[in-house]
Amino acid sequence: MSDYLTRGGLSRRSLIKGATALGAAGLILPAGVRRASAEPKKGGVFRVGIGHGSSTDGYDPGLWDQLYVQTFAAARHNYLIEIGADGNLVPEIAESWDSSDGMTWVFKIREGVAFHSGKGLTPDDVVASLNHHRGEASTSAVKPYFDAVTDIKADGQNVVVTLNAPNADFPYLMSDYHLPVMASADGKIDVTSSDGLGGYIVESFEPGVQATLNRNPNYWKSDRAHFDQIVLLSILDAAARLNALMTGEVDTIDQVDPASIGLLESRGVAKILSISGNAHYVFPMDARAAPFSDNNVRLALKYAFDRQEMVDKILAGHGSVSNDNPIGPANRYFFAEMEPKTYDPDKAKFHLKEAGMETLEVTLSAADAAFSGAVDAAVLMSEKAAAAGITITVDRVPNDGYWDNIWMKKPFCASYWGGRPVEDQMFTTAYSAGGAWNESFWDNARFNELLVAARSELDDAKRREMYHEMQHIVSFEGSTIIPMYNNYVMAVSNAVATPEKISNNWNLDGFRCVERWWFA
Amino acid sequence: MRDIWGMIGRRLLLGLLTLFVISVVIFGATELLPGDLARELLGQSATEETLAALRDQLGLNDPAPLRYWHWLTGAIQGDFGVSMATKKPIADLVGARLGNTLFLALYAAALSVPLSLALGVMAALWRNSVFDRASNALALTSISFPEFFVAYILVLWLAQSGLFPSMVRITPATTFGDRLYMAFLPALTLTLVVTAHMMRMTRAAIINLLASPYIEMARLKGMSPLRVVLRHAVPNALAPIINVVALNLAYLITGVVVVEVVFVYPGLGQLMVDAVTNRDIAVVQAIALIFAAAYVLLNLIADVLSTVTNPRLMHRR
């Protein structure tokens with residue numbers, strides 16, 4: 001944490017510098033393993049073993065939900081805006097963007113770019129791609145982002161998006177993985193087509209098994225997409241993934257089981273990339289239901305377990321302690337100086353007494369569907385909480401149907417968040433009153449007020465102050481226990497070279513490993 | 001011979017009836033699963049609004065019997081319909097996987113059936129010898145371990161040394177020889193798992209016969225023990241052996257999902273598990289029907305073959 005403290009100070013002075021430092025701090029590699037980034041070389045077949053993928057995976061961007069489709073999309077598509085490895089915005093299909101009032105956003109669309117099919121890109125394609133996520137009939141997961149959008153239209157080479165309230169972070173939303181620029185006909189995109197603007201062209205795709213893509217010879221970025229061919233394999237079993245890497249069947253795997261990291265390193269055939277980002281594990285409590293409706297009860301639970309122990313045991317050290325803060329060290333306005341919560345049974349007892357209780361009995365529902373190790377984490381919590389007079393009964397529930405029957409149904413359960421690059425996105429999605437995924441059903445007047453105010457505040461210093469206050473409110477009055485940020489743990493074979501800095505906004509270099517990495 | 005055809009016809013009809021009953025049961029069971037396809041497709045990010053829109057698009061709002069009827073009439077015409085999740089014809093989805101599954105099952109059968117029959121005959125021939133004890137112990141050991149454990153041991157010994165690949169990547173361009181090479185470890189795992197059953201049945205059936213008076217007679221005539229077993233015992237032991245082989249073949253087709261997962265083998269089992277978690281009911285039913293059909297068909301073949309080898313079964317009274 002001390003690392004973040006000092007570097008957080010830097011980021012105060014200069015946003016970009018700070019973000020850079022954070023990115024560097026996040027890249028935890030044993031000394032000597034990190035390859036000096038030579039000039040990227042072209043060529044080779046890059047095979048990635050991904051721990052997701054299902055026979056229902058498809059080309060409809062509104063339905064994408066896991067790493068396999070996300071990486072597959074990053075390989076064949078371009079977005080309006082890319083989030084760079086250091087967390088700042090990089091122009092992609094939008095050459096530039098601007099807004100005078102935060103309400104009307106003008107994106108200048110790149111010229112001379114063509115789809116794989118040969119069709120030239122027009123601003124109408126962008127409008128259609130965005131409109132796919134808007135309106136009554138839309139089934140898109142990011143439909144709520146567009147609730148504030150009143151109009152999207154093409155204007156010459158520009159696309160103009162009008163909002164009903166100022167939002168300083170709107171360009172960040174446009175980098176969301178659900179929003180690739182796709183080819184349109186009659187104002188509609190074809191959700192069954194693999195056609196895109198990206199660096200690779202789909203040769204074959206068997207959902208839930210594998211996808212093969214070849215380099216796009218006409219790709220407009222000359223310094224990206226270095227491989228001749230990429231193969232994305234769905235390998236659900238963690239041991240099979242590890243075996244595939246060790247026997248040279250694949251070059252990169254994601255989600256390395258923390259227990260096998262030591263084994264893999266001792267073999268010397270591959271290196272571990274452990275990237276700290278904003279992803280975090282949570283235990284939401286239903287703020288409407290007793291006893292969680294009392295903030296003292298929530299605080300008692302927050303002090304009743306050992307966060308560091310959880311990082312050590314559940315993540316095998318590949319993560320960091322979170323102070324019940326959904327905003328992570330990779331966010332711009334991360335409040336690193338907030339007073340930490342340590343394991344303190346006396347403090348927990350004190351808060352229980354404040355709530356008028358001597359002892360507390362709650363049931364925590366957990367399944368590993370929420371996150372790998374969720375049940376163990378729940379048991380750890382239960383063991384530690386006993387000393388504070390809190391009895392946590394761990395109810396182990398089946399993985400199947402977890403999001404249907406347990407999450408947002410049971411008053412106290414386990415869940416996870418991939419982390420969001422923008423504070424507003426995270427807060428609006430999971431903590432605003434009435435938010436569709438406000439999993440703790442928490443409603444805090446001051447927080448909601450700040451949320452709206454910060455969104456339209458264009459003065460950076462004031463926004464920072466507001467977001468810090470909001471993080472403090474969530475941490476000390478919120479109804480969600482957030483014990484830790486989990487690192488993205490990947491393993492790559494020795495032949496793979498990566499840039500000095502690996503993006504920490506999403507797994508696999510922000511899904512862009514296919515575009516940014518190369519064979520040394 | 002006409003009796004045989006009559007029997008086959010009757011069995012086929014009964015098989016169809018069984019399949020129909022199974023389809024009803026499967027449909028009922030999938031209806032009982034919590035959640036639905038729309039929920040699973042949208043996952044954690046589902047809102048009531050998007051759920052309603054997607055359910056409407058997918059036709060999930062129709063009553064269950066109606067959906068079942070639509071599916072059944074389609075299936076009878078050979079059209080399994082369209083996967084609700086991927087909008088692709090199920091025949092395409094299942095076709096390639098079925099081919100993979102059959103390939104692996106036949107591969108494993110080609111290894112395990114001759115092996116277990118030979119071992120069984122030899123064990124019967126030299127019963128209570130060191131060979132008999134050793135082969136029994138080995139076969140029982142490999143069947144007693146869970147499949148994934150056997151699979152991991154093989155990966156440790158044979159894949160990490162680089163002899164065989166630890167995962168199977170089948171593309172349209174894969175040649176037959178490559179397929180045999182890549183699928184060797186999963187086939188070997190399955191062989192180890194099913195050999196014991198068939199081998200011990202062979203051994204038991206033959207030993208049972210060896211006590212019969214006609215075998216005694218053959219021995220008294222001065223035949224060599226091998227000839228006694230092969231010429232006189234085996235033909236009469238075929239019926240139970242055929243049945244156990246058929247049972248194991250059906251298992252190889254339907255029950256190998258664990259092995260598929262360990263070796264990343266794109267077979268039907270994985271597709272079915274996938275379809276169940278996604279509540280893609282049409283796919284689940286199609287695969288369940290294929291599995292049921294495999295059982296019905298293999299049992300039918302086993303019945304016919306054992307009747308042919310033992311005509312007395314035709315005139316059972």
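**Close-up views of a predicted model**

**View 1. A salt bridge joins A:Arg224 and A:Glu82.** In this predicted model, the closest N and O atoms of A:Arg224 and A:Glu82 lie 3.1 Å apart. Between domain 1 and domain 2 of chain A, the count of salt bridges comes to five.

**View 2. Chain A is assigned three domains: domain 1, domain 2 and domain 3.** Here is how the assignment runs: domain 1 covers 1-31 + 79-193, domain 2 covers 32-77 + 198-276 + 488-520, and domain 3 covers 280-486. Where domain 1 meets domain 2 in chain A, 34 residues of domain 1 and 39 residues of domain 2 take part in the contact. Together these two domains of chain A bury about 3100 Å², with 57% of that area on carbon and sulfur atoms.

**View 3. The largest cavity holds about 190 Å³ of space.** Welcome to the inside of the model, where six cavities reach 30 Å³ or more. Around the largest cavity there are 19 lining residues, and A:Ser175, A:Tyr177, A:Asn505, A:Trp506 and A:Gly510 are the ones nearest its centre.

**View 4. Domain 1 and domain 2 of chain A each give at least three residues to the lining of the largest cavity.** Look for strand E3 (81-83) and helix H16 (507-510) of chain A, each of which supplies at least two lining residues. E3(A) provides the largest share, with three residues. Sorted by class, the lining of the largest cavity contains nine nonpolar, five polar and five charged residues.

Key. Residues are numbered from 1 along each chain as its sequence is written. Chains are lettered from A and ligands numbered from 1 in the order in which they are written. This is a predicted model: local features need pLDDT of at least 70, side-chain atom pairs count only at pLDDT 80 or more; totals for chains, interfaces and linings use all residues. Side-chain values use heavy atoms; hydrogens and water are left out. On a 1 Å grid over the protein atoms alone, a cavity is a set of points where a 1.4 Å probe fits but cannot get out, and a pocket is an open set with protein on both sides within 12 Å along at least five of seven lines; lining residues have an atom within 4 Å of a point. Grid points are joined across faces, edges and corners, and a volume is the space filled by probe spheres set on the points. Helices (H or I, at least four residues) and strands (E, at least two) are DSSP runs, numbered from the N terminus. Ala, Val, Leu, Ile, Met, Phe, Trp, Tyr, Cys and Pro count as nonpolar, Asp, Glu, Lys and Arg as charged, and the others, Gly among them, as polar. Domain bounds come from an automatic or database domain assignment. Contact means heavy atoms within 4.5 Å. Buried area is the accessible area (1.4 Å probe) that two parts lose on being put together, summed over both. A salt bridge is a side-chain nitrogen of Lys or Arg within 4 Å of a carboxyl oxygen of Asp or Glu.
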